[in-house]
Every structure is written in C-alpha cells, then in structure tokens.
Amino acid sequence: MACCSTVSFLMVPHYYWCSSSRLTCNFACSSYCSSVASSFVNALNAVVPEKQDLRTKAGLWDSIRSGLLKTSPTAVTEPEIKDDEIELEDEVVLVEKVQTDGTIEKIIFASSGEVDVYELELLCDKVGWPRRPPSKVAAALKNSYMVASLHLHRQPPSTDGDIPAPEKRELIGMARATSDHAFNATIWDVLVDPLYQGQGLGKALVEQMVRTLLRRDIGNITLFADAQVVDFYRGLGFESDPEGIKGMFWYPRY
Amino acid sequence: MMLSINGWLNLFQPIQLQLPLLYPSLASYHHESRQNHSVTESGMFSQSDDDLNSRGFEIHMSRDDINLDKLNSLFVMVGFPRREKGKLLRALEHTVSLLWIHEKKSGSIIGFARATGDSIFNAIIWDVVVDPSYQGLGLGKVMMERLIADLVKRGISNIALYAEPNVVGFYQPLGFISDPDGIRAMAYSRRRR
C-alpha cells in the first residue's frame with residue numbers, strides 16, 4: 001500500500017450506499033492504484049461500526065431560537081417507531097484519505113441517530129451555539145424522526161503487525177428532522193465543525209437527509225433558514241417563501 | 001400548503017381591531033420572560049369551553065374518538081386533498097398536540113389544528129382549518145389559543161408555523177411574527193432539483 005500512501009480518495013460528489021454491516025462501496029478513485037481499491041474495501045469492512053439500535057443513542061443540539069421554561073419537563077414521548085419497513089442502515093463514506101503516516105481517515109454520514117450528547121455539546125460550543133441541558137437534548141433527539149451525523153474516523157497504522165490500531169471517531173457535523181412520519185418534516189440544527197467547513201460537508205449532510213426523507217415518502221420537507229444561509233439551502237433545492245408562504249414564530253426570543 | 005382558513009379574513013370580527021398593539025418593540029423581548037407571557041392578552045381564552053358548549057361546539061384535544069372520514073371531509077371542504085387513511089392515522093399518532101371541534105347537531109368535525117415537533121424545544125403547527133360554514137365565529141382563534149397553551153404547558157418555547165399570505169393577518173394578533181430576525185421559511189422543491 002506504500003505506493004498509495006499519499007493518495008486521497010475523494011468521493012464527493014458521488015455518494016455510495018452501504019448496506020448493513022458490510023460495505024459494498026464502489027468508489028471512483030482519483031488514483032491510478034486501482035488494485036488498492038479492493039484492499040480499502042476490506043479495510044472499511046473491518047472498521048465500520050456495527051449497526052446499533054436507533055433509539056439508544058441520543059443527543060441533539062437545538063436551534064438558537066429555542067428557549068427554556070423553568071417548568072419544562074424532560075419528557076420523552078413514545079419511542080420513535082419508524083413504521084416503514086425494516087430500517088436499512090444508511091451509512092455513506094463521503095471522504096476517504098490516507099495520510100503520509102498511513103493513518104486512514106474517513107468522513108462518514110449516518111442517519112441512524114448515533115450522536116453522543118456530550119460530543120454534540122462540544123460541537124455546538126465550536127459553532128458558538130448556547131448550551132442546553134444534556135437531558136433535554138437527549139430527549140429532543142429521541143423524539144426526532146431523523147438524526148443525521150458526520151463522523152471523522154481515524155485509524156492509525158498498526159504498530160503491532162496483526163493487531164489493528166483502535167479507530168477514533170469524532171462528531172464533526174449533525175442535522176436532525178422532526179416529522180409526523182407521513183406528510184411533513186422540518187429540518188433543524190444543521191451544523192458542521194468550523195475546522196471542516198468549506199468542503200461541501202454541510203451540503204452532503206442536508207442532501208443525504210433530503211434523500212432519506214424522500215425515500216421514506218415524506219413529501220413536504222421544510223426548514224427555517226437564518227438570512228445568511230438562505231442561499232445555501234437554495235443551492236440544495238429549497239425554495240424560500242414558496243407560494244408566498246411566510247414562516248411565523250410565536251413571540252420569538254432574540 | 002398547510003394552513004388556510006378560507007375566507008377567514010373577510011369575516012374578521014370587529015372586536016379584533018380594537019385590540020391594543022399586542023407586541024411591544026422588539027428590544028423589550030430580551031427582557032421579557034416567556035413563561036410569564038400569557039397566551040392571550042387577558043390570560044383567559046376568548047371563548048370558554050362552556051361558551052362553546054352552549055353553542056353546540058365540543059373541543060377535543062385527544063386523537064381518541066377522532067373520525068378520520070369526518071376529518072377528511074373537513075379537509076376536502078377547505079380545499080386540502082383527501083388523505084389516505086393509513087397515512088393520516090400515522091400522522092396523527094406522531095402529532096404532539098391536536099385539537100378538533102365536534103359540532104353536536106351535525107356530528108361533524110368543523111375545526112382542526114395540530115402541532116408536530118420534538119416535544120422539548122420546537123413545535124410546528126399544521127393543518128389549521130375551520131369549516132367555511134362556521135368561519136367568522138372566532139373558532140380559529142379558539143383553537144389556536146388552546147393549542148398554544150398546551151404547547152407552552154409542555155414547556156415548548158419555540159412555536160412556529162408556515163402561513164399562506166392571506167392568513168398572515170390572522171396569526172399576527174395571536175402573537176406570531178413573520179420572518180423574525182430575517183429568518184425565512186423554505187421548502188424542498190423537486191422542481192428545483
């Protein structure tokens with residue numbers, strides 16, 4: 001693999017659908033080391049985390065405009081039953097890179113809701129969003145129809161021949177959607193670690209979410225966009241004030 | 001799209017216009033604590049459940065006993081598409097708060113509104129409808145007051161909705177502000193793809 005140690009496999013804008021616990025990724029290599037491709041697939045098979053129950057992980061940061069009431073409970077509504085068919089785990093490797101020292105880095109999109117509340121809190125700090133009680137964040141995540149995440153996976157080269165080095169995983173982006181599971185969905189809290197912005201990851205995040213929602217037959221996908229990101233969403237197929245419809249908020253707090 | 005009360009504005013009751021300016025300047029919102037803000041100006045609903053009952057209207061805020069066929073009839077009456085019952089049921093099962101008005105004499109559902117969300121931070125209100133034959137009686141406001149009160153009681157502080165242009169004026173006196181701080185409503189359009 002030495003010949004490809006400095007090659008970056010850039011998969012954006014192609015998204016490769018990976019099923020369940022096996023990765024069947026077909027990716028277009030910018031490298032001429034095509035034989036390396038299959039060994040990478042094997043490497044990916046080894047490191048992709050096992051599918052976990054959608055409902056056990058939680059933690060989602062909420063929008064800036066959400067406030068808190070002292071009396072608000074941290075109620076969790078009934079478990080999110082995705083009444084659709086069997087949940088296919090959607091994990092997409094968006095970027096893959098091999099560092100000069102042999103460290104394999106991957107940025108993986110997942111819509112399975114595996115977001116740790118405390119990791120999310122750190123991420124929100126990075127973008128300057130106010131903190132919220134982790135228990136509430138956890139409950140809000142649990143009550144969300146879809147929680148999408150971007151994780152950076154780093155696997156350093158093995159120092160001991162046969163034993164692979166442990167893989168490190170870091171949350172670098174997130175978005176979620178609430179929905180009635182039938183007609184409407186609303187996307188909230190889209191964020192990407194500032195260190196990783198400017199690479200198209202935010203676009204990939206939202207695009208994957210929309211794709212997933214459409215596949216689940218949710219026909220109306222909406223959101224509220226801060227003025228400075230309206231163009232960002234336009235570029236992803238969103239229309240502002242469609243048919244003159246206005247977003248309205250009840251006594252918003254600024 | 002999702003919120004329309006046909007003809008509502010045409011039949012606005014005169015008393016609505018006498019209400020004082022409902023929201024002070026934006027600056028004061030920084031200091032105003034949401035939990036002290038009553039849902040209505042007076043702290044009471046514009047019409048009580050008893051008032052409504054005596055006029056033949058029953059307010060329900062549970063999806064138990066809701067007749068999907070009657071609900072669909074109401075939707076059709078205001079120009080919404082008739083929804084597939086299985087999908088409609090699923091939508092109601094994943095609705096955080098809802099309200100429907102049962103008209104006792106006819107047995108029909110003549111008003112409906114619901115809200116979805118994460119039950120913690122955000123709620124969106126959808127499908128606010130009043131049977132055109134019963135518009136102009138203040139029933140839209142009756143529903144909204146109760147729905148908002150329920151959401152506030154659950155601790156949800158961010159309550160939003162998407163309003164068609166002809167009903168923006170209906171929501172404003174209820175305390176809704178459009179495009180606050182430059183925020184824009186957006187919807188995914190398959191055409192644009």
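**How the strands are paired**

Visitor: What makes S1 and S2 of chain B a pair, and in which sense do they run?
Guide: Strand S1 (57-60) of chain B and strand S2 (residues 97-103) of chain B pair in the antiparallel sense over four bridges; two strands pair if DSSP finds at least two bridges between them, so these four qualify. Here strands (E, at least two residues) and helices (H or I, at least four) are DSSP runs, numbered from the N terminus. Within this pair, B:His60 stands opposite B:Trp100.
This is a predicted model, in which local features need pLDDT of at least 70, side-chain atom pairs count only at pLDDT 80 or more, and totals for chains, interfaces and linings use all residues. Residues are numbered from 1 along each chain as written, chains are lettered from A and ligands numbered from 1 in written order, and side-chain values use heavy atoms, without hydrogens or water.

Visitor: Why are S1 and S6 of chain B called edge strands?
Guide: The open sheet has the order S1(B)-S2(B)-S3(B)-S4(B)-S5(B)-S9(A)-S6(B), with mixed pairing, and both S1(B) and S6(B) pair on one side only.

Visitor: How do you know that helix H5 of chain B packs on the sheet?
Guide: Helix H5 (residues 139-153) touches S9 of chain A together with S1, S2, S3, S4, S5 and S6 of chain B, where contact means heavy atoms within 4.5 Å.

Visitor: How do you know whether A:Glu243 is buried or exposed?
Guide: A:Glu243 has a relative accessible area of 67%; buried means under 20%, exposed over 50%, and partly exposed in between (1.4 Å probe, protein chains only), so A:Glu243 counts as exposed. A:Glu243 is found in the loop between S8 and S9 of chain A.

Conventions. Axes fitted to C-alpha atoms, helices over the stretch in contact; angles between N-to-C directions.
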